[in-house]
Amino acid sequence: MKKNLFLFLTLLTLLNSCNGQKTIGKSVNELGKHLWYVFQDTKNNYWFGSNGEGVYLYDGKTIVNFTTKDGLANDTIRQIQEDKFGNIFISTFGGINKFDGKAFTTLQPIKSKEWKLEPNDLWFYILGKKNEGAYRYDGKNLYNLEFPKHYLHDEIYPRVVNSFFSPYEVYSIYKDRKGAIWFGTSVFGACRFDGETVKWMYEDDLTYVPNGGTFGIRSIFEDKEGSFWFCNTWHKYIFDFEKTIKSDRLQYQKTEGIVNEKIFGGDNYIYYSYILEDSNGNIWLTTWDKGVYKYDGKTITNYAVKDGTKDVNLVSMYKDNQGNLWLGTPENGTFKFNGDTFERFKTK
């Protein structure tokens, strides 16, 4: 009798334990259309960040959609990253989530003016929430860092007070070859944090487009020659970080970039939102409505992106673990480069 009672209680405990393990996420048959960002983790799973539909996880066989019902702070996604332990971090309009493979938790930011830089830090932004400053996660705490006042603040601010984005709102974050962190802002140019100080640079043509309005520093990139690219193809920048140490701002020279009126459809130069280098050393530039450009150091080639016969607007570009190039779009899902063209990605 006691033996039977023991077995019964053991089974009951196991059943209760199993029932308590809630599986989160909804299995779906296909990806959504509003997929702005692509990310591949170290297990080679793909994560697709949407603009209002949460995030999709694709392991090569099944698709799981995670939303606020599963613990996301918001269904509008702006970044996806992974730490050295395999945790996934997702920046949303409602805050920054950590996913440990089982559940989402929302990190609670600590307001801070104390800037630090450690090798394993993760850096975040939440574009579109009028949120000034950047977020740094050191593995334990999330700090919302306030930028030191821009040296041109008083001159520039009156021109942009009605801007859609807050002037110091972060558009892009980039780590250069020396390990320093760059921040591209909506209006106030770009700054570089080397672990000691934050130094700024500002150029009108990087923020203000010729036909009016602001573009912001949407992309920062250091090429294999050590030159930096910002936002448009007109110039490249060579920085002197030794002189910068003794100055109140970044010290640099502007050099000729890519100017090609014929390739750029009558424009002398183009603005691009994303830039990266592929496995062969080619540079790729993503535009909103003119497709993608590849630059091999001598010639530049345009790749139109279409969904059927319809031209596709582009939000982002990503290079995965295998070197494949992906595009995020506002309403046409994602596209993958097949070696000749970018084609709509389908899981089936």
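A nonpolar core is taken here as a set of buried Ala, Val, Leu, Ile, Met, Phe, Trp, Tyr and Cys residues joined through side-chain atoms within 4.5 Å, where buried means under 20% relative accessible area, exposed over 50%, and partly exposed in between (1.4 Å probe, protein chains only). The model is predicted, with local features requiring pLDDT of at least 70 and side-chain atom pairs counted only at pLDDT 80 or more, whereas totals for chains, interfaces and linings use all residues. Residues are numbered from 1 along each chain as its sequence is written, and side-chain values use heavy atoms, with hydrogens and water left out.

The largest nonpolar core holds 30 residues, of which Trp182, Met201, Ile220, Phe228, Trp229, Phe230 and Phe239 touch the most other members. Two or more residues of this core are given by each of the strands E18 (220-222), E19 (228-230), E20 (235-239), E23 (283-286) and E24 (292-295), strands (E, at least two residues) and helices (H or I, at least four) being DSSP runs numbered from the N terminus. The largest share, three residues, comes from E19. A second, separate core of 25 residues includes Leu31, Tyr58, Leu72 and Tyr318. In soluble globular proteins, nonpolar side chains tend to be buried together. For methionine 201, when neighbours within four places in sequence are left aside, the residues in contact (heavy atoms within 4.5 Å) include His150, Trp182, Phe188, Leu206, Phe230, Phe239 and Tyr252.

Four strands form an open antiparallel sheet in the order E14-E15-E16-E17, two strands being paired if DSSP finds at least two bridges between them. The edge strands, each pairing on one side only, are E14 (170-175) and E17 (198-201). Five bridges join E14 to the antiparallel strand E15 (residues 181-185), and isoleucine 173 stands opposite phenylalanine 183 in E15.

Aromatic rings of Phe, Tyr and Trp (its six-membered ring) were paired if their centres lie within 6.5 Å, with planes under 30 degrees apart counted as stacked, over 60 as edge-to-face and the rest as tilted. By this rule the count comes to 48 aromatic pairs. The rings of phenylalanine 228 and phenylalanine 230 are stacked, because their centres are 6.4 Å apart and their planes stand at 20°; phenylalanine 228 is buried at 1% relative accessibility, and phenylalanine 230 is buried at 0%. Tryptophan 234 and tyrosine 269 also form a stacked pair, since their ring centres are 4.8 Å apart and their planes are at 15°. This pair links distant parts of the chain, 35 residues apart, with tryptophan 234 in the loop between E19 and E20 and tyrosine 269 in the loop between E21 (252-256) and E22 (274-277). Tryptophan 234 is partly exposed, with a relative accessible area of 33%, whereas tyrosine 269 counts as buried at 16% relative accessibility. One aromatic cluster is formed by Trp115, Trp123, Phe147, Tyr168, Phe183, Phe188, Phe193 and Trp200.

Most residues other than glycine have a negative phi. Asparagine 44, although not a glycine, has a positive phi of about 70°; asparagine 44 lies in the loop between E2 (35-40) and E3 (46-50) and is partly exposed, with a relative accessible area of 38%. Cysteine 231, likewise not a glycine, has a positive phi of about 65°; cysteine 231 is found in the loop between E19 and E20 and counts as buried, at 0% relative accessibility.
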